[in-house]
Amino acid sequence: MVVNNFVFIGLLILLAIGFAAAPLIIVRLIAPRKHSPAKGDTYECGVKTYGETWVRFRIQYYIYAIMFVVFDIETVFLYPWAVSYAGLGTFALVEMVVFLTILFVGLGYAWGKGVLRWV
């Protein structure tokens with residue numbers, strides 16, 4: 001019985017590796033191999049670039065994105081907790097309150113620093 005489980009897991013791993021490697025192998029076999037200056041040229045969205053291609057973005061955009069990811073992950077943690085709350089008990093409630101408090105302290109700090117102003 002246990003051996004069957006390991007066989008199934010082994011087949012699943014082989015299938016996953018094959019699924020990832022198959023496109024790479026197929027492209028390697030059928031892709032054209034002609035190299036030209038046009039292929040090595042830099043382009044943006046199919047349009048040839050002119051001038052400097054490096055553009056600086058304000059750090060505020062990155063911080064805004066990181067904050068979005070943090071609160072998105074918070075939502076991912078809240079859904080399973082809410083679904084299984086009835087069987088978890090008081091300790092899980094206290095832990096979630098601590099988790100949310102830490103996140104809201106971080107939100108308050110960012111708000112106080114002016115990170116959330118989109119100017």
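Reply: Let's start with axes: these are lines fitted to C-alpha atoms, for helices over the stretch in contact, and angles run from 0 to 180 degrees between N-to-C directions. Helices (H or I, at least four residues) and strands (E, at least two) are DSSP runs, numbered from the N terminus. This is a predicted model, where local features need pLDDT of at least 70 and side-chain atom pairs count only at pLDDT 80 or more, while totals for chains, interfaces and linings use all residues. Residues are numbered from 1 along each chain as its sequence is written, and side-chain values use heavy atoms, with hydrogens and water left out.

Me: Why are H3 and H5 called roughly antiparallel?

Reply: Their axes cross at roughly 165° and come within 12 Å. Angles over 145 degrees count as roughly antiparallel (under 35 is roughly parallel, 65 to 115 roughly perpendicular, the rest oblique). H3 and H5 therefore get the roughly antiparallel label. Their crossing is also left-handed, meaning the near helix is turned anticlockwise from the far one by less than a right angle (clockwise would be right-handed).

Me: What makes the contact between H3 and H5?

Reply: Contact means heavy atoms within 4.5 Å. On the H3 side the residues include Met67, Val70, Phe71 and Glu74, and on the H5 side they include Ala92, Met96, Phe99 and Leu103.

Me: What is the label for glutamate 74, buried or exposed, and why?

Reply: Buried means under 20% relative accessible area, exposed over 50%, and partly exposed in between (1.4 Å probe, protein chains only). Glutamate 74 has 7% relative accessibility, so it counts as buried. This residue is found in helix H3, and it touches Phe99, Leu100, Leu103 and Phe104, leaving aside residues up to four places away in sequence.

Me: Which residues of H5 are buried, and what do they pack against?

Reply: Ala92, Met96, Leu103 and Ala110 are the buried ones in H5. They pack against H3 and helix H4 (85-88).

Me: Why is the pair of phenylalanine 77 and phenylalanine 99 called edge-to-face?

Reply: The structure holds 2 aromatic pairs. In this one, phenylalanine 77 and phenylalanine 99 sit 5.8 Å apart centre to centre, with 90° between the planes. Rings of Phe, Tyr and Trp (its six-membered ring) pair if their centres lie within 6.5 Å; planes under 30 degrees apart are stacked, over 60 edge-to-face and the rest tilted. By that rule the pair is edge-to-face. Phenylalanine 77 lies in H3 (residues 59-83) and phenylalanine 99 in H5 (residues 90-113), so the pair ties together parts 22 residues apart in sequence.

Me: And what makes the pair of tryptophan 81 and tyrosine 85 tilted?

Reply: Their ring centres are 5.2 Å apart and their planes are at 55°, so the pair is tilted.

Me: Why do phenylalanine 77 and tyrosine 85 count as partly exposed?

Reply: Phenylalanine 77 has 49% relative accessibility, so it is partly exposed. Tyrosine 85 has a relative accessible area of 35%, which means partly exposed again.
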